[in-house]
There are 2 protein chains.
Amino acid sequence: METMSVAAANLDARITIYDVAAAAGVSTATASKALNGTGRVSSNTRARIKQVALDLGFRPNALARSLTRKRSFTVGLLTDDTYGRFTLPVMAGISEGLIDHGVSVFLCAIEDNPELAKTHVDAMLDKQIDGIIATGKRVDRLLPVDLTHLPIPVVYALTAGPDDAVTIVPDDSQGTREAVGHLIRQGRRRIVHITGPASFRVVEERATAFTEKLQAAGLSISGSAIMRGSWSELWGHEAVNVLWSGSDRPDGIFCGNDQIARGVVDALRERKIDVPRDVSVVGFDNWEIVAEQTRPPLTTIDMNLKELGRQAGQTLMRLVNGEAVEPGLWRMPCTLVVRGS
Amino acid sequence: METMSVAAANLDARITIYDVAAAAGVSTATASKALNGTGRVSSNTRARIKQVALDLGFRPNALARSLTRKRSFTVGLLTDDTYGRFTLPVMAGISEGLIDHGVSVFLCAIEDNPELAKTHVDAMLDKQIDGIIATGKRVDRLLPVDLTHLPIPVVYALTAGPDDAVTIVPDDSQGTREAVGHLIRQGRRRIVHITGPASFRVVEERATAFTEKLQAAGLSISGSAIMRGSWSELWGHEAVNVLWSGSDRPDGIFCGNDQIARGVVDALRERKIDVPRDVSVVGFDNWEIVAEQTRPPLTTIDMNLKELGRQAGQTLMRLVNGEAVEPGLWRMPCTLVVRGS
DNA sequence: CTGAAAGCGCTTACAG
DNA sequence: CTGAAAGCGCTTACAG
């Protein structure tokens, strides 16, 4: 009852710039300028108008404003990831980075469905979005939509984009160097890399960085130092079994993700091998729910996904504002998070 | 270069309803009616206008439409969950259920920050959203914003709402009955419940349903049949240790979430107790990444979060359309997912 | 410094 | 069945 009457009141009494202009005894043009800080208005009348607006609780209708300004202060966020392990932090970063500029973001969950994707893009275009951020679960996969001939700028975050666009991804090579560097500083000399499937580009990128870092440190690298498998704990387990059934056992293990690392640490414990005394383990992702529950807690690499999202948002705004930005692959630095392993 | 000229062309040549009216030789009023299927227009001219619109690639400006219709076909989605384990499926469901109606959703990640929340709500109100869906990580926690005196409807999904609103949550009691029923059908007679902290309302709700279901089945319940702890694997481990250090050992375990269940199954395996031969285990959440990687894979309860999100979206639309809907707590059914445990 | 007027791109009574 | 006109709530040249 109470609620309803308030609602009704708000709806009907929705106050417009005409109301504040009238109350302040000026034209809407002057009111508009005063409120927006544009044009020349004496500081006196400006102050008065602002006060009136405040008193009346005036809130400008963004739709009307957008219609004349041809700018909606709205962007679209496309994602094919409904599981969200990597995507949600990115989205949160985008949202946070953008709301400060008064821009809101449309969420479009498109799965792997091209039809759905097109529907979403069309709906957003109709709603006059200023730009698009495309994001996804795989850095080396294209979203199932072509975004290249749109009348608005688009930036790609954590998903593949065309060469002439800006695409923001974590710096996997640098992250790898952080991890291996840490292992070396711990005095480890026989280091192996247990990672995911070769079909992932990040796997190869990290593998290359791994080898190079070891070489740079003057460490010998056995032919089997890089073991590719799946992104699972089980694979971590198995890899340890393979390693320990041979004679060339490592004292440092860099894993392709935290789940593998979790499996490695568990397998090591089952074999009564002390982590980190006998073997040091470093994971990747800093997926807290895994990293913190491992015994001991995982030392790992954080991709700073939220910051990456923030960057994506700001970059899109620069593009929307017509600023020139360097296209290409932007690599955002990763951070080593030292825990117990 | 190519891209830019296309963009420019699209921007400048943005074709309006005036263009199609002119091309079809009718007034904009008629064009509007024909395109929207409103008012009386002969089927001939209607067809012609539609064809012209198609040929010209006319896409109506949703901003202008919203301004006159006083309906933006846009809703806001508030969430305090940036981790997203539960929230993202809900959001995906909302988005999917709404895009069919041509409504887009604004994503607002508000953390636990009231300022941020207010900023988002204000921004969305300015953008004339038709309604709000509030969602969060805890069913028994309020979001850090008061949404009760807004001029638009709001529905709550997976987060606490006021009594006079519709709040959609999973049916924890029914889910519990499914789980326990399954255990009983497996021939289990000494069943315990290892769950999370008493501070969570769902914990007590499930505990009550657990007891009732056992009673209904005529099974005896030991005083310590319900063990409250944390939502972690570690707690699952510990609980098994406690249980097996006593003499009253269970043959069926219902866990408050999949992580606990994972810990339970691991601890059981370490004790050489066969799952599911000696002991059956049922989890909760159907968090696939955990449930599928457990050995054996976890039998668990799925909360159908995506469907819940879809419901929330549809319900909000009903409200927006002025339909009457029954306020209160709506409980959506859970589903038993049988795997190997 | 201030205001009258036109315009953003649609929709909707109201006439005809 | 069709159209002229007003209006949604702002902003922006253009005058004064």
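The surface near DNA strand D, where a residue counts as near if its C-beta atom, placed from the backbone, lies within 6 Å of the strand, has nine nonpolar, 14 polar and five charged residues. In these classes Ala, Val, Leu, Ile, Met, Phe, Trp, Tyr, Cys and Pro count as nonpolar, Asp, Glu, Lys and Arg as charged, and the others, Gly among them, as polar. The model is a predicted one, in which local features need pLDDT of at least 70 and side-chain atom pairs count only at pLDDT 80 or more, while totals for chains, interfaces and linings use all residues. Residues are numbered from 1 along each chain as its sequence is written, and chains are lettered from A and ligands numbered from 1 in the order in which they are written.

Of the 28 residues around DNA strand D, those that come nearest are A:Ile17, A:Ala29, A:Ala64, B:Ala29 and B:Arg40. At least two residues of this surface are supplied by each of H3 and H5 of chain A and H3 and H5 of chain B, helices being DSSP runs of H or I with at least four residues and strands runs of E with at least two, numbered from the N terminus. DNA strand C is likewise surrounded by 28 residues, the closest being A:Ala29, A:Arg40, B:Ile17, B:Ala29 and B:Ala64. Here the elements that give two or more residues are helix H3 (28–36) and helix H5 (62–69) of chain A, together with helix H3 (28–36) and helix H5 (62–69) of chain B.

Within chain B, H3(B) packs against helix H4 (residues 43–56) at an angle of about 90°, with the axes 9 Å apart; axes are lines fitted to C-alpha atoms, for helices over the stretch in contact, and angles run from 0 to 180 degrees between N-to-C directions. H3(B) is therefore roughly perpendicular to H4(B), a description that covers angles of 65 to 115 degrees. The contact, for which C-beta atoms placed from the backbone must lie within 7 Å, is made by B:Thr30, B:Ala31, B:Ala34 and B:Leu35 of H3(B) and by B:Thr45, B:Arg46, B:Ile49, B:Lys50 and B:Ala53 of H4(B). These residues divide into five nonpolar, two polar and two charged.

The two protein chains can be compared by superposing them by least squares on the C-alpha atoms of residues with pLDDT of at least 70 in both. Chain B can be laid on chain A with an RMSD of 0.1 Å by a turn of 180° and a shift of 0.0 Å along the axis, which means that the relation is that of a two-fold axis. In chain B, the C-alpha nearest this axis belongs to B:Phe106, 2.2 Å from it.

Where the chains meet, 48 residues of chain B are in contact with 48 residues of chain A. The elements of chain B that give two or more residues to this side are helix H1 (2–12), H5, helix H6 (87–99), strand E2 (104–109), helix H7 (114–126) and helix H10 (233–245), and H6(B) gives the most, with seven residues. This side of chain B divides into 25 nonpolar, 17 polar and six charged residues. Because 100% of the interface residues of chain B are also interface residues in chain A, the copies meet through the same surface.

Some backbone details remain. A cis peptide bond joins A:Val275 and A:Pro276, with omega about 10°, and A:Pro276 has its place in the loop between helix H11 (258–270) and strand E9 (280–282) of chain A.

Terms used. Contact = placed C-beta atoms within 7 Å. Parallel < 35°, antiparallel > 145°, perpendicular 65-115°, else oblique.
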